[in-house]
Amino acid sequence: MTETAPVPVITVSNLIKQFGRFAALRGVTAEFSGGKLYAILGDNGAGKTTLLRTLAGLNQPSSGEVTILGASKFHDICQQVGYMAHPSLLYDEMSGMENLEYFARLYGITSGTRCAEVIRAVGLDPELVRPVGQYSQGMRQRMSLARALLNDPKILLLDEPFSNVDLHSATEMVRLLAGTRDQGKTIFIVTHQAALLEGAADEFVWMEYGKIVARTRELKRPASSGERSGESTK
Amino acid sequence: MSAPTGITRVTLLKDLRLEWRSKDAINSMLFFSLLVVVVFSFSFDPSAEESRQIAGGLIWVAFLFAAVVALNQTWAREIRNQVLDAYRVSPAPANSLFAAKVLGNFIFVTVLEALMTPLFIVFYRLRALGPAWQLLLVAVLGTWALVVNGTFFAAMSLRTRSREIMLPLLLFPISIPAILAMVQSTTAILNGEGARFWIVLLVTYDLVFTTVCLLLFETVLNAE
């Protein structure tokens, strides 16, 4: 019996993104299957965040095509996507719960229990009345992840979710994300802390100079990459 | 997804809550307007007749400059922590955000006007010779003209480096017909003359610019 190839949830075809004369993405072509956790790795300026923002519909491709869940217009499937950026995307003057209640309404979620549920899922207290501006950076990151999980998305796009998060909390976040992946969600994580995802990620996607240069199952930097800076990811 | 009006309502309530807690816009607007009233009244010391001639221009120029402060603030809190991106990736319509921002600014500027108008009346010994209720109509129409354009152009200048300067540069020239109508109608009403033409001009201006801004806002919001 022949094994059928998994249906890609995201297809990127010859994607180019230019900012003026600078090309942040230089012809990215890839297919990503559903129900997997992808770690997107690479040096600063490799194009990781630009790729993620383009998938999230925040950057328009200069040329090329992005298809997510069969749709080429992001707005058609935005209900199915959760996005977490490097900044928190939260209002500093409001509490975590107030923030999430507001964003929930944008997705048509009127029940407050869902907000409390995702706040608890990331290890925070929904009763906390302190404004987000007074949170520690780690708490802010976790609340930002809660916001991305709010609409129970099929695809999660996370940009540096572990930055400034202590090791214990980061490990907890990885466990939560692995569990989310096990529920059939597809997760993309842009990170410089790849070691945290070893054992949890299904695939490591290596980017360099605006291109995907390798895709590996193990956290092992391909020989052709990394020569520029000599840095090690692990 | 919630109805667009529902999203407008929750966004407006969120903005009012943020302003109530930070008081960024209202404090700066009040302080600025107060300065204008006091400085000009001590500089000119006009008679009641002179006051009626200059008050229209003075009041609206003060409100225009003060409104710019609120208009800059309205989007500043959306780009702090890039919160605007969270709105952009959501299914919420762009125009719901625009409507909420316009209504929020309208409320802020109206509060300012309600607080400052009595001071203008006292300091400039103003008494309308025409139907005073028409001043209320001019205030509503004029404020709407300021905030609808101001909110739109503030969003346009959002990603520019010197947006505080860009906003007046974009807003003031395009607001000239509205400002002219606001000043002329106010002066006419204070002096007991007919202001019908100017009020019709304001209504037309409001309709045209509200429609154009609503049509173009999504493009502005998603511009890179």
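Two residues are in contact if their C-beta atoms, placed from the backbone, lie within 7 Å. The model is predicted: local features need pLDDT of at least 70, side-chain atom pairs count only at pLDDT 80 or more, and totals for chains, interfaces and linings use all residues. Residues are numbered from 1 along each chain as its sequence is written, and chains are lettered from A and ligands numbered from 1 in the order in which they are written.

Ile40(A) touches Lys48(A), Leu51(A), Phe188(A), Ile189(A), Val190(A), Val205(A) and Met207(A), leaving out residues up to four places away in sequence. Ile40(A) is also among the residues with the most contacts inside the largest nonpolar core, which has 138 residues. A nonpolar core is a set of buried Ala, Val, Leu, Ile, Met, Phe, Trp, Tyr and Cys residues joined through C-beta atoms within 7 Å. Buried means that 20 or more other C-beta atoms lie within 10 Å of a residue's own, with C-beta atoms placed from the backbone.

Strands pair if DSSP finds at least two bridges between them. Strand S1 (residues 8-19) of chain A and S4(A) pair over five bridges. Within S4(A), Glu65(A) is the bridge partner of Ser13(A).

The contact between the chains takes 24 residues from chain A and 22 residues from chain B.

Terms used
A residue is buried if 20 or more other C-beta atoms lie within 10 Å of its own, exposed if 12 or fewer, and partly exposed in between; C-beta atoms are placed from the backbone. Helices (H or I, at least four residues) and strands (E, at least two) are DSSP runs, numbered from the N terminus.
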